[in-house]
Amino acid sequence: MSKFKVGDRVKILPGVAIPFVGVEGTICGVHPHAGGITTMDRHIVVFERREKRSFYSTELQHIEKVK
């Protein structure tokens with residue numbers, strides 16, 4: 001089962017996704033790895049300007065909801 005689900009707010013962590021580091025977005029799709037390796041699940045993140053990009057779970061951090 002994926003660490004993230006559609007609707008989760010996330011922040012892009014430092015790593016391969018250099019132009020997006022620190023940018024926040026919302027998960028709009030999850031594509032599980034065919035072999036069941038959850039760290040290899042692809043997560044489609046939509047950003048404020050409606051741009052969408054795909055990231056691995058290890059490149060994302062949950063943003064806690066403010067109550």
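Visitor: Where does S57 lie?
Guide: S57 belongs to the loop that joins β4 to β5 (60–62). Strands (E, at least two residues) and helices (H or I, at least four) are DSSP runs, numbered from the N terminus.

Visitor: Before we go on, what kind of model is this, and how are residues numbered?
Guide: This is a predicted model, in which local features need pLDDT of at least 70 and side-chain atom pairs count only at pLDDT 80 or more, while totals for chains, interfaces and linings use all residues. Residues are numbered from 1 along each chain as its sequence is written, and side-chain values use heavy atoms, with hydrogens and water left out.

Visitor: Back to S57: buried or exposed?
Guide: With a relative accessible area of 6%, S57 is buried. Buried means under 20% relative accessible area, exposed means over 50%, and partly exposed is in between, with a 1.4 Å probe and protein chains only.

Visitor: Which residues is S57 in contact with, leaving aside neighbours within four places in sequence?
Guide: They are F4, T38, T39, D41 and H43, where contact means heavy atoms within 4.5 Å. F4 is 53 residues from S57 in sequence, yet their C-alpha atoms are 7.5 Å apart in space.

Visitor: And Y56, where is that found?
Guide: Y56 is in strand β4. Its relative accessible area is 30%, so Y56 is partly exposed.

Visitor: What does Y56 touch beyond four places in sequence?
Guide: Y56 is in contact with T39, M40, D41, R42 and H43. T39 is 17 residues away along the chain, with a C-alpha separation of 6.6 Å from Y56.

Visitor: Changing topic, how many aromatic pairs are there?
Guide: The count comes to 3 aromatic pairs. Rings of Phe, Tyr and Trp (its six-membered ring) pair if their centres lie within 6.5 Å; planes under 30 degrees apart count as stacked, over 60 as edge-to-face and the rest as tilted. One of the pairs is F20 with F55, which is edge-to-face at 5.8 Å centre to centre and 80° between the planes.

Visitor: Which parts of the chain does that pair tie together?
Guide: F20 lies in the loop between β1 (9–12) and β2 (24–31), and F55 in strand β4 (residues 52–56), so the pair ties together parts that are 35 residues apart in sequence. Both F20 and F55 are buried.

Visitor: What about F47 and F55?
Guide: F47 and F55 also form an edge-to-face pair, with 6.2 Å between centres and 90° between planes. F47 is buried, as is F55. F20, F47 and F55 together form one aromatic cluster.

Visitor: Let us turn to L13. Where does it lie?
Guide: L13 is in the loop between β1 and β2. L13 counts as partly exposed, at 23% relative accessibility.

Visitor: What does L13 touch?
Guide: Not counting residues up to four places away in sequence, L13 touches V21, T58, E59, L60 and Q61. As for A34, which is 21 residues from L13 in sequence, the C-alpha to C-alpha distance is 24 Å.

Visitor: What is there to say about phi of R50?
Guide: Phi of R50 is near 70°, a positive value in a residue other than glycine. Most residues other than glycine have a negative phi. R50 is found in the loop between β3 (42–46) and β4, and R50 is exposed, with a relative accessible area of 70%.

Visitor: Now the whole chain: how many helices and strands?
Guide: The chain has 0 helices and 5 strands. The radius of gyration is 11 Å, close to the 11 Å that the globule rule gives for 67 residues, so the chain is as compact as a globular protein of that length. That radius is taken over C-alpha atoms, and the globule rule is 2.2 Å times the number of residues to the power 0.38.

Visitor: And what share of the residues is buried?
Guide: Buried residues make up 30% of the 67 residues in the chain. Along its principal axes, the C-alpha trace spans about 30 × 30 × 20 Å.
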